[in-house]
Amino acid sequence: MLKRMLILFLMVLIGSCVGGGTFLAAYEEQPLDKCFTLLDENNNVIHQTGNKVYTGDEYISASNGRYKVVEIIGNTARCKYQGDEKMPVLSYDKKSNAWNFNSKEQPVVAGKRPTVAVYHTHSDESYVPSDGKESIEGNGGIYDVGQVMANKLQKLGFEVQYNKNNHNPHDINAYNRSRRTAASLLKKSPDTIIDVHRDAVPASQYQAQVKGKDVTKVKLVVGRSNPNMKSNLEYAKKIKSVMDKKTPGLSNGIFIGKGDYNQDLSPRAMLVEVGAHTNKKEDAEKGISLFAEALPTVLGYSNNPVNQAPAAKKPLSGSENQAAGTTILMIVIVVAAAVGGYYLLNRGTNK
């Protein structure tokens, strides 16, 4: 009896520690005509998404209101308002002609040319008005959007590692396949890694005019089932804050959903939704180009030596270190439990 209880305890403990990253990952998506609608307490539509929504998911709106999903009824997610989210503060420096964060955190890439890794978990995603259909096997229109982003970042002075691996089929295992791609890209130590997608909702959810141009909005997605979640969210909030200052109207908020989206691999891993299948690809290309303009400020990079901040002494911010500490603590707990269980089991055998 003692042995059975110990084995059960170890299975539950280990599963609970690593389950957030793997076992509980949820990557289901809705059929194209059945997206989820998020409603507030007054039945106002606050968001729509093609991802499956679960109780406990959260959404930070374009205006920075934070909502938590408290009930799911069919394809409707009822949400409770949590208050206004505290966002990173920026100010404009006339001397350097640039936006800067007011925090005392050292810039991520100060003093060097930044590197961005880009890939697509869903290789088929396409835009109906431009590509003719919503899905193209292994060569979706999303690659054109990714290429525009890569080109824009290179013009801004970034080194870009753009991986075009095919991760089809578009199913719940796509993230397991793209995980190998992400891990391979991270071996080269990029400063950030971005998985570029498009959503599956009505066009009006993403259509916008920014700087006088028809564009699609860009939504940031953070997986809440991963040990880097806090760091990923702080990173997303930085990106959104810069977008709101430099390109008002471009952000479609931050969705915090069940799953890890491979963000457990890096504190600066991000998933972006660029428009939906119902939007024009050309508008998505303009949207992702404007999104790329936010990254130099987010990472603390300027290709003008006059504006370049001093080099950071530490590669990770305080919150990122906290996330890394959490991961180490989880590993210690699992190892300690395994060693303790092994000792008790063997002591029982000897008796």
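Colleague: How many bridges join strand β1 to β2?
Modeller: This is a predicted model, where local features need pLDDT of at least 70, side-chain atom pairs count only at pLDDT 80 or more, and totals for chains, interfaces and linings use all residues. Residues are numbered from 1 along each chain as its sequence is written, and side-chain values use heavy atoms, leaving out hydrogens and water. Strands (DSSP runs of E, at least two residues, numbered from the N terminus) pair if DSSP finds at least two bridges between them. β1 (residues 36–39) and β2 run antiparallel, and the bridges joining them number four.

Colleague: Which residue in β2 is the bridge partner of Leu38?
Modeller: The hairpin of β1 and β2 has five residues between the strands, and Asn43 takes a positive phi near 65° there. Across the pairing, Leu38 has as its partner in β2 His47.

Colleague: Is strand β2 largely enclosed or open?
Modeller: Buried means under 20% relative accessible area, with a 1.4 Å probe and protein chains only. Four of the five residues of β2 (residues 45–49) are buried, so the rest of the structure leaves this strand largely enclosed.

Colleague: Is Gly287 buried or exposed?
Modeller: Gly287 sits in helix α6 (residues 281–292); helices are DSSP runs of H or I, at least four residues. Its relative accessibility is 0%, so Gly287 counts as buried.

Technical notes:
Buried means under 20% relative accessible area, exposed over 50%, partly exposed in between (1.4 Å probe, protein chains only).
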